[in-house]
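Please read the points below with the sequence and the model at hand.

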Amino acid sequence: MAEKVKAGAVSASCSCGCNGSMALHRQTLGMAMSASDYSGAENYSDRFIETTVLNAMIPDGLQRRKFLQAVGASTALAAIAQIFPLATTKAIAQDALKPEKSKLNLGFVPITCTTPLLLAHAMGEYQKEGLDVSLMRTPGWALVRDKLINAEFDASHIVLALPLTMTLGVGAPATNTFVSSVQNVNGNAITLHVKHKDRRNPRDWKGFKFGIPHDQSMHAMLLRYYLAENGLDPDRDVELRVFPPPDSVANMASGNLDGMLFAEPWGQRAVFEGIGFLHMLTRDIFEDHPCCVLSVTEKFITTNPNSYGAMYRAVVRATEFADKIENRQQVAELLAPANYLNQPKTVLEQVMLGRYADGLGSIVEVPQRIGFKAFPYESTAIWLLTQLRRWNMIPDNIDYQAIAQKVFLATDAKKRMDEMGFATPASPRIQHTIMGRVFDPAFPNEYVNSFAIKRT
């Protein structure tokens, strides 16, 4: 799917209205306007004002670029300042963009899916936006949900399904909760206990006990899908047990689990401890599936729109940084310490770099074992809703497309990412392939009804 996303992407429009890409815009303005000029609310507003004023004074894009190339960005801005109150306008804009709430509590569960949220802290991206962020380590997802609802967390890393079910009022009082950005794609594996090395055929797994982080999570839905495609009823032929991710390896070691599907680094940690082996990466079930997201409630966005925007920019910059394979070694080093993921660096390196021991005696290379893509595709929300409906976890009369559009802030994300100069797809809804079968988000009911094993 990564290739499809790139193919469907369009160049981000420049905020100055020159109809070029942000990269071309920066190239035109010269060294005075580097990528770092767009880091931080003050620099961001300054650049926006400068380009807006310049666009108004010289409307023709070609003439504007020629002028800038002839005199240079610094000289041009100095000249404009003689006839237009740039400094005053910038000060007013910066005051208007000042975060309403500068001290934020952000929740996270210690898994690699939360990399962008943690990395933005480790790299100082929040500080650039005028935010003082406290990272609140939380063991499991039900607690994260409750703390978001009670406003103990301003925002949180959370499993993908929960913003959907929270908005629907499933499992908790209905609370409009939104997906701000996707934290990661792929990044999970079906891990089996080493005692089952000779039982690789899933049709032989009747009676197995599997660990999952939450009944409604993407992990649970992918495991259910895989089992059902291999003829096993996940509610009758196996037992699914919910554990906080940090407790997963210990429960496998004690014999409470035959297998598990948790986010990394816990599958790789089981290999590291000699307890488990990696049966299958989830990217081989659903390539480039989203897993976890950055989520906020409607109340937080409406009360603190500038704080939300600042947080969004910081996290998306970290997401883009983490997605580049050449940065992954640094990412592993930054996030290994106890205040972040608290994992052996070698374990994180195997996950991040995609060169890893599988627990079966082989070293495997899969560079896209995990990826970091911020854009929230509505089509993945629709697919997840079909699976929640398949297993009778949500009502049968829902409007799949409407809920996906409401919860996944795709239009807002496109606008913000375009303004930051990052590529976005042409459409928030695309077809996906899961275990060789194409899912069309335009026909969710037909898709649900097509499965032989289901609870509907």
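The numbered points below go from the whole protein to single elements and residues.

1. Overall content. The model under review is predicted. The protein has 456 residues, of which 57% count as buried. Its secondary structure comprises 21 helices and 18 strands. When contacts between residues at least 6 apart in sequence are considered, 74% of them join residues at least 24 apart.

2. Strand S8, residues 209–212, pairs with S10 in the parallel sense, and two bridges connect them. For orientation in the viewer, Phe210 may be located first: the residue opposite Phe210 is Gly259 in S10.

3. The peptide bond that joins Glu264 to Pro265 is cis, and its omega is near 20°. A reader inspecting the backbone may wish to look at this bond directly.

4. Strand S5 and its partner. How many residues of strand S5 (residues 177–182) are buried? Six of its six residues are, and the strand is thus described as mostly covered. S5 runs antiparallel to strand S12, residues 292–297, and five bridges join the two. Within this pair, Val179 stands opposite Ser295 in S12.

5. Leu104 and its surroundings. Leu104 belongs to strand S2, residues 103–108. Leu104 counts as buried because its relative accessibility is 0%. Leaving aside neighbours within four places in sequence, Leu104 is in contact with Leu131, Asp132, Val133, Ser134, Asp154, Phe300 and Met311. One of these contacts deserves a separate remark: Ser134 lies 30 residues from Leu104 along the chain, yet their C-alpha atoms are separated by 6.2 Å.

6. The packing of H15 and H20. Two packed helices are described by the angle between their axes and the distance between the axes. For helix H15 (residues 305–323) and helix H20 (residues 410–420), the axes come within 11 Å and cross at roughly 70°. H15 is therefore roughly perpendicular to H20. The crossing of H15 past H20 is right-handed. On the H15 side, the contact is made by Tyr308, Gly309, Tyr312, Arg313, Val316, Arg317 and Glu320. On the H20 side, Asp412, Ala413, Arg416, Met417 and Met420 take part.

7. Cysteines without disulfides. How many disulfides does a search of the whole structure find? The search finds zero. Cys113 is buried, with a relative accessibility of 0%. Cys292 is buried too, and its relative accessible area is 0%.

8. Positive phi at Asn392. Asn392 has a phi near 60°, a positive value in a residue other than glycine. This residue is found in the loop that connects helix H18 (378–390) with helix H19 (400–407). Is Asn392 buried or partly exposed? With a relative accessible area of 48%, Asn392 is partly exposed.

9. Positive phi at Met435. Met435, a residue other than glycine, also has a positive phi, with a value near 50°. The loop that holds Met435 lies between strand S17 (432–434) and strand S18 (437–439). Met435 counts as partly exposed because its relative accessibility is 31%.

How values were computed. Residues numbered from 1 in each chain as written. Predicted model: local features only at pLDDT ≥ 70, side-chain atom pairs only at ≥ 80, totals over all residues. Heavy atoms only, no water. Helix = DSSP H or I, 4+ residues; strand = E, 2+ residues; numbered from the N terminus. Buried < 20%, exposed > 50% of the residue type's maximum accessible area, 1.4 Å probe, protein only. Disulfide = S-S within 2.5 Å. Pairing = 2+ DSSP bridges. Axes fitted to C-alpha atoms, helices over the stretch in contact; angles between N-to-C directions. Parallel < 35°, antiparallel > 145°, perpendicular 65-115°, else oblique. Left-handed = near helix turned anticlockwise from the far one by under 90°. Contact = heavy atoms within 4.5 Å.
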